[in-house]
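Here is a short report on how the chains of one model meet and what lies inside them. Keep the structure open as you read.

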Amino acid sequence: MGLKEISYGELIPLAVILIAMSVLPMLGLSSYMLTLLSLLLLFGALVSIYDFFYIRSGYINLGYTFIVASSAFSIAITLERLPTALAILAAFPLSMLFSIAILVPMLKLRGPFYSVATLLYPFTLAPIARLFPEVFGGDVGIYVRPLLSSPTHLYYLSLAISIGVLSLLFILLGTRLAIKLAMIKDDETLAESSGIGVVRVKILSHVMCTLMVTAVMIPYTQVSGVASVELADPMPVLIYALMASALYKPGSALYSFLGGMGIWWLDNFMRAAMYDLRLVVASSLLLTIYAARVVLGVAGTKIRK
Amino acid sequence: MLEVFLFSVIVGLVYMLMAIGFNLVLGVSRIVNLAYGAQIILTSYIASTLLNFIPAVVALPISVLLSLVIGAILWLVLWIFRKDLILSIVVSIAVALLIEGVLLKIYGARLISLVIAPGDIMGISAQWIIAAISSIASLLAFYLMMSRTMIGKRMAAVAENEDLARYMGINVRVTSMLSFIIASLFASIASIAITPLYAIYPHVGWYYLTIVLAVVIVGGLGSAMGALASSMILSFTQSLAAYYIGSPAKDLIPLTILISVLLLRPEGIFGRGVRWA
Amino acid sequence: MKALSRTYIIIIAAVIVIAAIGAALVVMMSQPQATGTVKIGFLGPLQTEFGDVGLKSVQLAVEEINRAGGVLGRKIEIVTYDDGNAPDKGVSGFRKLVEEDKVVAVFGIHASPVGLAILPLIQQYKIPVFAMGATSDVIDINVSNNPGYRYWFRFNTNASTHALFVYYPAKMIAQQLGLKKFGLLYDNAPWTAPVVSTVKNAIKQDGFELVYEGTIDIGKTTSFVPHLTKARDSGVQLLLVWSAYGDAKFLQRDYDDLKPPFVLIQFDGVGMRPEQWNITGGKTAYQVFVFFSYGRGAGADPKLKAFYDAFKQKYGYDPLFYAPYIYDAVYAWKKAVEATGRFDGDAVADYLEKNGYQGITGRWVFTKGHSAMYGEDYIATMALQWLPGGKLAVIWPPKYADARFQPPPWLSK
């Protein structure tokens with residue numbers, strides 16, 4: 001992977017897709033379709049964020065759904081107690097507070113041990129929710145106060161936030177942060193000795209990641225209607241995020257976004273049409289793609305020797 | 001009170017038996033094998049099917065053997081992807097999902113029963129005793145292997161510094177494969193000794209994996225003593241809290257231990273304090 | 001050159017994605033609505049045992065109804081969606097079932113978060129929904145406070161009623177043996193909070209004594225020796241248990257190993273099944289289990305027994321959990337539709353609110369929050385005792401009982 005990542009060749013097709021998606025509702029789509037497409041967009045954005053901050057830095061955070069779910073809870077909790085504008089503002093620091101817990105191992109651990117440690121985080125959410133039911137609603141979760149009633153408006157909000165997230169990521173790709181993250185992945189010790197404040201970079205990227213996830217979860221929780229601990233379940237979100245970002249050229253916001261949307265679509269299709277083969281199909285697909293990548297040596301695969 | 005103590009020791013041993021293979025592979029090959037829980041559950045399903053047709057004396061060794069073969073294949077897959085951490089983790093998850101999906105397709109989501117040792121000895125169920133004995137035997141075998149045999153020393157060398165080990169003429173690939181097959185052996189022993197004590201359904205592999213991860217995180221990486229100690233710590237705190245503290249707050253204790261270890265000493269209580277690159 | 005080929009790939013990928021979405025839209029919009037059939041939806045965690053058994057029960061009911069000529073002369077078709085117990089999937093699935101598949105009713109729904117998430121959609125679409133689980137009292141409060149949610153019917157009782165499932169048989173046993181000292185052991189989860197306060201009141205009212213209270217650390221308690229030892233040391237004579245997540249399997253095993261001198265009466269959501277004897281390796285002797293229903297034994301209702309036989313014949317094992325409840329729900333919907341001649345939510349809701357339904361599990365009458373009324377005149381659970389050798393005997397309620405409770409031999413120690 002080169003260090004200069006901005007490619008206008010990527011921006012143009014992305015713009016085409018997003019423009020196409022912005023006229024879709026005019027075709028008279030059903031509210032189901034709009035809801036599904038909203039989730040598709042938001043999931044694509046979640047995958048791009050994951051891809052940028054974790055795949056790029058080589059810190060494979062398997063506790064990503066902890067951030068996703070705690071952001072959802074932050075929004076639900078603040079909306080329950082505060083007027084809308086204030087609630088949305090307050091949700092960001094609140095979700096930062098939650099996700100500090102997952103920042104600490106990032107500062108101290110590396111490689112596989114970091115991944116293993118973070119994998120446990122999503123599992124801590126359910127016991128915590130059960131212990132403080134008046135805050136988290138226990139096993140049931142809590143209602144998210146509706147802000148937009150029309151699925152079309154919700155769709156446009158989702159689209160806007162996805163575009164916002166993607167633009168931000170594209171801007172970040174051109175900054176030194178992206179380069180620093182890639183250097184940390186390549187050799188952290190070397191990065192540190194060549195004057196990169198590794199700890200500062202990590203904290204900064206963690207903060208940005210959490211804020212962006214929280215922004216995405218605002219429309220997401222509007223669609224789901226309820227924030228519950230199920231959102232922390234690694235099975236769909238984390239696995240599909242890893243799948244999507246690794247499909248082709250890890251570290252590219254565009255492919256992750258497209259991959260995320262495609263996998264969510266496939267998941268929805270299988271839930272309706274072939275639920276008993278969902279796991280087999282998803283996992284075989286993943287293994288086939290990886291095997292093909294290794295055999296064909298497609299770009300982005302870092303298999304040495 | 002004696003019962004509480006005794007059972008805490010047994011449960012601790014069981015936790016250790018579950019974690020030991022995962023720890024070995026992580027330490028030697030630096031492969032995060034998240035399919036480990038699925039491997040455990042797979043042996044149970046193979047054994048439960050074989051037991052319908054052939055007696056246990058034949059069925060159990062065959063299912064262990066089959067699991068070792070599957071383990072070797074799994075190693076091959078993970079080895080190919082190992083240089084890229086992302087890929088190896090995702091692939092191990094994909095394998096775990098594939099195993100779960102196939103089991104779901106064949107057996108359905110229903111709980112199945114696997115009874116290997118019915119009855120009890122002096123008021124303790126035979127399955128517990130088998131679990132405890134296999135744990136102790138595995139721990140001993142593990143210790144002897146690591147300290148007395150050439151293979152063990154090679155593994156330790158590879159775990160310590162892979163490149164150095166390679167310069168010294170150790171075949172890293174073979175050593176890694178051996179560590180993986182031995183881990184699969186531990187997984188299948190755990191499967192036969194422990195899964196009858198727990199529930200058996202396709203999704204339960206993830207539950208085993210969380211126990212394994214908790215033990216590894218609290219104890220520290222690659223250290224057998226750490227695994228033993230952390231298994232005992234987790235088991236004893238659970239039991240003593242359940243006996244002495246009736247209130248719901250007791251359930252926070254294992255979680256608190258886990259989180260405080262993660263926050264204060266993320267390399268684990270017995271970890272070597274080495275940050276991994 | 002590399003950049004060019006990359007752009008090329010992206011454009012192809014983009015075209016494929018857009019084409020796929022477009023094609024799917026066209027296919028979905030042009031799906032012909034077969035005349036003479038009517039579609040119902042099943043929304044549930046299909047890859048779990050709960051969802052699986054629920055779907056099988058609905059399928060059984062639908063096959064029977066179709067053989068008998070369908071509903072209002074139309075054959076029923078089932079469309080499924082796997083919600084994985086997650087609210088976001090539940091919302092997508094519910095919308096898909098209603099908008100794309102044009103179902104006229106939705107069955108299933110096991111998880112409370114899914115139930116809560118789809119309530120606003122139920123109001124929007126005015127589709128009758130028959131939940132088999134989602135037992136949280138929070139849903140009842142929402143339904144009773146919002147008239148727009150009246151199309152929701154829970155064919156099950158709510159969480160706080162679970163107190164009585166266990167307490168009634170325990171009270172009978174206490175009176176039979178002259179015991180007074182109760183102990184409670186329950187999931188450390190919000191669902192048990194109303195259960196515990198209900199039970200404590202009942203214990204006080206009936207003049208019993210509460211000497212032990214312990215909680216189950218869900219998914220992490222692998223040995224119950226400390227709990228059982230503490231209960232024994234506290235002088236417990238009857239231990240009442242509420243466990244919904246499968247932990248009680250370890251309790252059953254440890255109780256059998258320790259043989260403490262008290263009676264064990266338990267609601268074990270996962271363990272209420274005829275195979276529990278085999279699953280625990282025969283370690284449930286003399287223990288009392290609450291079952292939602294049981295179609296075997298001398299006192300079984302013939303219609304319930306017929307359902308059990310049909311289920312076993314079709315699927316090879318006895319139904320478990322709330323299988324007969326959701327089976328009843330399908331027939332209740334059929335009855336409401338045929339009585340009113342209409343499929344719409346208001347007709348079905350009006351009918352069920354007014355008339356309830358007499359099913360194979362009892363009489364379904366709904367509370368203001370549209371949860372089933374509980375008791376011998378309505379839907380009653382059963383208490384069953386495992387006897388040595390793996391035989392199950394119904395001991396409560398009296399009208400279905402085929403045996404008297406047998407105290408475990410170690411009780412007199």
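Chain C meets chain A through 49 of its own residues, which are in contact (heavy atoms within 4.5 Å) with 46 residues of chain A. This is a predicted model: local features need pLDDT of at least 70, side-chain atom pairs count only at pLDDT 80 or more, and totals for chains, interfaces and linings use all residues. Residues are numbered from 1 along each chain as its sequence is written, chains are lettered from A and ligands numbered from 1 in the order in which they are written, and side-chain values use heavy atoms, with hydrogens and water left out.

**Chain C and chain A**

The size of an interface is often given as the accessible area lost when the parts come together. Buried area here is the accessible area (1.4 Å probe) that two parts lose on being put together, summed over both. Chain C and chain A bury about 4,100 Å² between them. Carbon and sulfur atoms hold 66% of that area.

One salt bridge crosses this interface (a side-chain nitrogen of Lys or Arg within 4 Å of a carboxyl oxygen of Asp or Glu). The partners are A:Arg278 and C:Asp82, with their closest N and O atoms 3.8 Å apart. The rule also finds twelve residue pairs in polar contact across the interface of chain C and chain A, both residues at pLDDT 80 or more. A polar contact is a pair of N or O atoms within 3.5 Å; within protein, one must be able to donate a hydrogen and the other to accept it, and residues adjacent in sequence count only if both atoms are side-chain atoms.

Which elements of chain C give two or more residues to the side that touches chain A? They are helix H1 (2–29), strand S2 (75–82), helix H3 (87–100) and helix H4 (112–125). Helices (H or I, at least four residues) and strands (E, at least two) are DSSP runs, numbered from the N terminus. H1(C) gives the most, with twelve residues. By class, this side of chain C has 28 nonpolar, eleven polar and ten charged residues. Ala, Val, Leu, Ile, Met, Phe, Trp, Tyr, Cys and Pro count as nonpolar, Asp, Glu, Lys and Arg as charged, and the others, Gly among them, as polar.

**Chain C and chain B**

Chain C also touches chain B: 36 residues of chain C are in contact with 35 residues of chain B. The two chains bury about 2,900 Å² between them, 52% of it on carbon and sulfur atoms. In chain C, C:Thr222, C:Pro226 and C:Asp257 lose the most area to chain B, together 17% of what that side buries.

The rule finds two salt bridges across this interface. One of them joins C:Glu275 and B:Arg110, at 2.2 Å from N to O. Two residue pairs are in polar contact between chain C and chain B, both residues at pLDDT 80 or more. Among the elements that supply at least two residues to this side of chain C are strand S7 (209–216) and helix H9 (248–258). H8(C) gives the most, with seven residues. The residues of this side divide into nine nonpolar, twelve polar and 15 charged.

**Inside the chains**

Strand S8 (residues 238–243) of chain C pairs with S9(C) in the parallel sense over six bridges (DSSP must find at least two). C:Leu238 stands opposite C:Val263.

Helix H5 (residues 111–119) of chain A is largely enclosed by the rest of the structure, because nine of its nine residues are buried. A:Ser48 lies in helix H2 (residues 31–55) of chain A. Its relative accessible area is 0%.

Most residues other than glycine have a negative phi, and most peptide bonds are trans. A cis peptide bond joins C:Trp396 and C:Pro397, with omega about 0°.

| Residue | Phi | Relative accessible area |
|---|---|---|
| B:Arg30 | near 55° | 30%, partly exposed |
| C:Lys259 | near 50° | 28%, partly exposed |

B:Arg30 sits in the loop between helix H1 (2–29) and helix H2 (36–50) of chain B. C:Lys259 sits in the loop between H9 and S9 of chain C.

Conventions
Buried < 20%, exposed > 50% of the residue type's maximum accessible area, 1.4 Å probe, protein only.
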